[in-house]
Amino acid sequence: MLKGKDDELVNFQEYIRNSRGVQLFTCRWLPISPPKALVFLCHGYGMECSDFMKGCGTKLASYGYAVFGIDYEGHGRSMGARCYIKKFDHIVTDCSNYFKYISGQEEYKNKRRFLYGESMGGAVSLLVHRKDPTFWHGAILVAPMCKISEKVKPHPVVISMLTRVEDVIPRWKIVPTKDVIDSAFKDPIKREEIRANKLIYQEKPRLKTALEMLRTSMGLEDSLSEVTLPFFVLHGEADTVTDPEVSRALYERASSKDKTIKLYPGMWHGLTSGEPDHNIDIVFSDIISWLDKRSNDDYTPDKEIDGIAASVVDEIELVASPTTVEMRKNKLRQSGNYLCGWKGRRMHHHSAM
């Protein structure tokens, strides 16, 4: 086990072994004082926790949260064929088992538990929630992969051809795709820092991996109504990697009584790591505000009056009943502004009583 300390934070890194005997790398960022709540990180495709998500971990820990991350099998510092996903459910099961193991430790048993997923990690978070819907107190979903954007998805003819041979050459790196780093991270300096991270997978996707991700995203798209936990979904309006329209669909179709969406005009896919610093500060301010309210044991959705980060939004709606919901939907349709599809910086918050 490696230990480190950064000002007011403590960092732990260790390996665990999953049910299939594979060593997985885990890390955690802890405040010195007892944490407000627990936050479990689910990283994106090809990414990792110790370096790429360090900024997220330290930021949340500096605001009093105990933050835990795990590199999926074949990702980052974990063992396994690099970025080979034989079954997406293996990732979900590994995360669920580790997160519940941490949550069961004596010092954390009475703490609230939140999932935090970026990109493909958003899909992982939603599927971890599906395994035990009543266990989680909420989720932060940053540009979640509920559907692969048509702008980066392989042509249907290519998909059909690859499906026929997936069991013959599952690990071959033959899937044609655009450079996601160029498409995801706006700030050129941060983009090159990410590209220099040798723990991040930057080769072509393996055949089985690409098909597992595609099937997972399509399955989630068809079952968004099964989402019941409180969530905050954030998406850059200029994202070309994961589709902002699917975040709108998640917000609209989810059965959650407490759900919030915010779209950021002009921002790309990497909201927390690829934008200029002032944009990243805005995003984390919103995330921490959302978490702070829901880390309070007395919080209930109908008490949410002012939304999140009210100083940086132009309009906030509190929806209280089915009748009011329909009235306000009609009003938004008439004005052309439906489900936070505004040009300005606005947010739509839904809290059903």
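Some ground rules come first. Because the model is predicted, local features need pLDDT of at least 70 and side-chain atom pairs count only at pLDDT 80 or more, while totals for chains, interfaces and linings use all residues. Residues are numbered from 1 along each chain as its sequence is written, and side-chain values use heavy atoms, with hydrogens and water left out.

Start with the whole chain. The protein chain holds 10 helices and 11 strands. Both are DSSP runs, numbered from the N terminus: helices are H or I with at least four residues, and strands are E with at least two. The chain has 353 residues, and 54% of them count as buried. Buried means under 20% relative accessible area, exposed means over 50%, and partly exposed lies in between (1.4 Å probe, protein chains only). The accessible surface of the chain is about 15,600 Å². Carbon and sulfur atoms make up 52% of that surface. These areas come from the Shrake-Rupley method with a 1.4 Å probe, and for residues only the protein chains shown count as cover.

Now look at contacts, meaning heavy atoms within 4.5 Å. Take the contacts between residues at least 6 apart in sequence: 74% of them join residues at least 24 apart.

Next, find helix α7, residues 207–221. How far apart are its end C-alpha atoms? They are 21 Å apart. The expected span is 1.5 Å times one less than the number of residues. For the 15 residues of α7 that gives 21 Å, so the two values agree.

Is α7 enclosed or open to the outside? It is largely enclosed by the rest of the structure, because 11 of its 15 residues are buried. Among the buried ones are Leu207, Ala210, Leu211, Met213, Leu214 and Leu220. Lys208 and Glu212 are buried as well. The cover over the buried residues of α7 includes α2 (88–103), α3 (120–131) and α4 (156–164).

Thr216 sits in α7. Its relative accessibility is 12%, so Thr216 counts as buried. Set aside its neighbours within four places in sequence, and Thr216 is in contact with Phe88, Ala123, Leu127 and Met145.

Helix packing comes next. Two packed helices are described by the angle between their axes and the distance between the axes. Here the axes are lines fitted to C-alpha atoms, for helices over the stretch in contact, and angles run from 0 to 180 degrees between N-to-C directions. α3 and α7 pack at an angle of about 60 degrees, with their axes 11 Å apart. That makes α3 oblique to α7. Angles under 35 degrees count as roughly parallel, over 145 as roughly antiparallel, 65 to 115 as roughly perpendicular and the rest as oblique. From α3, the contact is made by Met120, Ala123, Leu126, Leu127 and Arg130. From α7, it is made by Met213, Thr216 and Leu220. The crossing of α3 and α7 is left-handed. Left-handed means that the near helix is turned anticlockwise from the far one by less than a right angle, and right-handed means clockwise.

Helix α3 also meets α2. The axes of α2 and α3 come within 9 Å and cross at roughly 65 degrees. So α2 is roughly perpendicular to α3. This crossing is right-handed. Residues in the contact include Phe88, Ile91 and Val92 of α2 and Met120, Ala123 and Leu127 of α3.

Finish with the loops. Lys87 is found in the loop between β5 and α2. At 47% relative accessibility, Lys87 counts as partly exposed. Lys87 and Glu212 are 125 residues apart in sequence, yet their C-alpha atoms are 6.6 Å apart in space. Cys83 belongs to the loop between β5 (66–70) and α2. Cys83 is buried, with a relative accessible area of 1%.

Most residues other than glycine have a negative phi. Ala143 has a positive phi too, near 45 degrees. Ala143 lies in the loop between β7 and α4, and is buried at 1% relative accessible area.

Pro144 is placed in the loop between β7 (138–142) and α4. Pro144 is buried, with a relative accessible area of 2%. Leaving out residues up to four places away in sequence, Pro144 touches residues including Ser119, Gly122, Val233 and His235. The C-alpha atoms of Pro144 and His269 are separated by 9.5 Å, with the two residues 125 apart along the chain.
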